[in-house]
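Thanks for coming. I will take a few minutes to walk through one structure, starting with the interface and ending with the core.

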Amino acid sequence: MITVDAVTKNYGAFTAVDDVSFTAKTGRVTGFLGPNGAGKSTTMRVIVGLTRATSGTATVSGRRYVDLPNPGLEVGVLLDASAQHAGRTGREILTLAQQFMGLPRNRVEEMLEVVSLTPNEASRRVRDYSLGMRQRLGIATALIGDPEVLILDEPANGLDPAGIRWMRDLLRGYADRGGTVLLSSHLLHEIEVIADDIVMIGNGRIVSQGTKTDLLHAAGTVVRAEDLTTLQSAFEELGIAATTSGDCLRTDAAPALVGKVALQAGVALTELRVADSAGLEEMFLELTAASQRDGAPA
Amino acid sequence: MTALTAGNLGPQRGAVRPIPLMRVTQVELRKMFDTRSGFWLIASIVITAVLATAGVILFAPNDELTYSTFIAAIRFPMAVILPMIAILAVTGEWTQRSGLTTFTLIPHRHRVIAAKAIASVTVGVVSVLLAFAIGALGNLLGTAVTGTALVWNVTLTECLYYVLGNVLSLLIGFMLGVLIRASAAAIAIYFVYWFVLPTIFGLLAASVTWFRDLQPWVDFQYAQSSLFTFEGAMTGEQWANIAVTGLIWLVVPLAVGLGFVTRAEVK
């Protein structure tokens with residue numbers, strides 16, 4: 001379990017992380033979602049003690065990270081897959097981690113196999129690695145101590161679709177066996193397919209958090225109909241907020257209510273569903289609008 | 001997926017023991033050799049020691065073909081390469097950004113720095129011992145080739161001074177690595193420290209009378225020179241010179257650097 005309690009980090013007058021509190025629970029994958037520069041990485045660095053928080057505390061399994069006697073055995077960390085000495089081979093980097101943690105030597109080859117780096121690739125220097133290979137090596141470094149907690153910053157960056165699928169299965173299985181996973185991403189879809197809980201951050205502040213199911217519900221309902229105008233006026237009469245975008249209508253009302261309204265209005269629906277990806281994305285853009293570099297297209 | 005499907009994760013694991021400093025030191029020592037640049041830098045000690053020895057045999061007058069001439073010649077490349085080894089051992093964590101991993105695996109940064117210090121001094125001492133051996137071979141070979149008498153004019157005490165002097169040079173590099181944490185800048189400043197500063201002090205001593213008496217208490221390199229003169233046991237005052245200048249130029253900046261290292265953000 002990871003507990004972040006009222007963490008604030010200032011750089012001079014700039015506040016990178018502003019009073020952030022959340023919990024990543026055991027047995028669940030917690031997705032840390034936010035646009036670039038929102039404060040995800042800074043928060044993660046505060047958790048593992050690389051950055052000192054201006055105020056607030058962060059604990060892993062109830063203890064401050066720096067108080068862990070052999071952190072690699074309890075927390076697997078991948079903050080930046082490219083932050084390695086370019087002149088070392090992949091196998092050597094993994095060996096250094098194995099030796100720091102005092103693990104048996106055969107763990108290195110085991111982990112190379114787990115992350116599908118061939119012996120040939122492992123013998124190459126990291127400067128010749130693609131980003132995807134570096135991510136795999138970084139994940140191997142995080143997993144080698146068989147920790148209970150994983151903290152991964154943008155681990156899917158540079159992975160091909162098969163690699164993303166592989167990582168999703170790996171993290172899912174890991175959480176199902178009682179592990180805690182905190183992973184960040186600026187890509188909503190990635191978080192959506194993998195996370196149980198979502199913490200959304202924008203401009204250093206938490207803008208929304210909860211289980212994925214709750215957040216999806218909060219995203220409302222999407223409905224398509226042949227006569228959208230009639231349907232919208234029916235909603236307006238009932239005082240239910242509804243917005244039309246393109247050929248569909250979005251509302252915060254539950255699908256059952258939307259169905260009843262349509263029936264009363266005598267409008268034939270062509271589609272009725274809980275807003276999933278699109279809804280959450282809209283919420284993501286909306287919630288983080290203030291911190292977006294590119295304004296959402298009107 | 002064999003490694004990951006074995007049993008549940010969680011609190012059934014036995015108590016985790018702290019990582020011993022010895023193990024951190026061993027890994028840090030390994031890190032000094034496991035890149036091509038690191039390996040060749042250390043190998044260059046042997047290479048330059050051989051070159052310096054060959055130079056003495058070729059160019060030194062016959063009556064100066066003594067053991068002290070050989071190891072004094074080897075001292076020049078050592079004074080450049082040993083500090084660089086120590087600088088790169090420290091700055092690599094920042095310049096190459098591997099510190100992101102190192103300092104998450106060993107969150108107490110002063111332990112990593114201590115391990116690096118021990119590993120660097122170990123490399124330094126072993127290098128000096130190698131230099132002694134290479135110098136001795138040079139002395140044997142040189143006198144045999146020129147047919148001059150074999151002279152071993154360095155006492156054990158003087159050998160120990162020589163080791164200490166080289167370790168001090170290495171520690172200057174180490175200190176700059178800790179203080180500056182960037183490879184190129186630290187190396188550049190080392191050259192200022194080692195070549196420019198003593199020149200300025202020398203000029204100052206030559207032109208300003210009152211500074212002449214002060215120089216041994218201010219100029220670290222001047223104070224250390226008694227370690228390399230091979231003139232028997234040093235006096236208490238000479239030791240005091242080394243202690244005072246060492247405090248100013250080595251201990252204080254190292255303490256400042258350690259303060260930075262433990263507080264600075266690792267990115």
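How many salt bridges does the rule find across the interface of chain A and chain B? There are four. Keep in mind that this is a predicted model. One of the salt bridges I can describe in detail: A:Arg45 pairs with B:Glu265, and their closest N and O atoms are 2.9 Å apart.

Now the side of chain A that touches chain B. Four helices of chain A each supply at least two residues to that side: α2 (90-101), α3 (106-114), α5 (131-143) and α6 (161-176). The largest share, seven residues, comes from α2(A). Sorted by class, this side has 22 nonpolar, 14 polar and twelve charged residues.

Next, the extent of the contact. Chain A puts in 48 residues and chain B 40 residues. Between them the two chains bury about 4,100 Å², and 57% of that is on carbon and sulfur atoms. On the chain A side, A:Leu50, A:Phe100 and A:Arg177 supply 22% of the area buried against chain B, more than any other three residues.

Last, the core. The largest nonpolar core has 149 residues, and A:Leu171 and B:Ile85 have the most contacts inside it. Helix α3 of chain B, residues 67-95, gives the most to this core, with 16 residues. Beyond its neighbours within four places in sequence, A:Leu171 is in contact with A:Val29, A:Leu150, A:Leu152, A:Val181, A:Leu183 and A:Ile194. Another core lies apart from the largest one; it has 14 residues, including A:Ala234, A:Phe235, A:Leu249 and A:Val258.

Technical notes
Residues numbered from 1 in each chain as written. Chains lettered and ligands numbered in written order. Predicted model: local features only at pLDDT ≥ 70, side-chain atom pairs only at ≥ 80, totals over all residues. Heavy atoms only, no water. Core = buried A, V, L, I, M, F, W, Y, C linked by side-chain atoms within 4.5 Å. Buried < 20%, exposed > 50% of the residue type's maximum accessible area, 1.4 Å probe, protein only. Contact = heavy atoms within 4.5 Å. Buried area = accessible area lost by both parts, 1.4 Å probe. Salt bridge = Lys/Arg side-chain N within 4 Å of Asp/Glu carboxyl O. Nonpolar A, V, L, I, M, F, W, Y, C, P; charged D, E, K, R; others polar.
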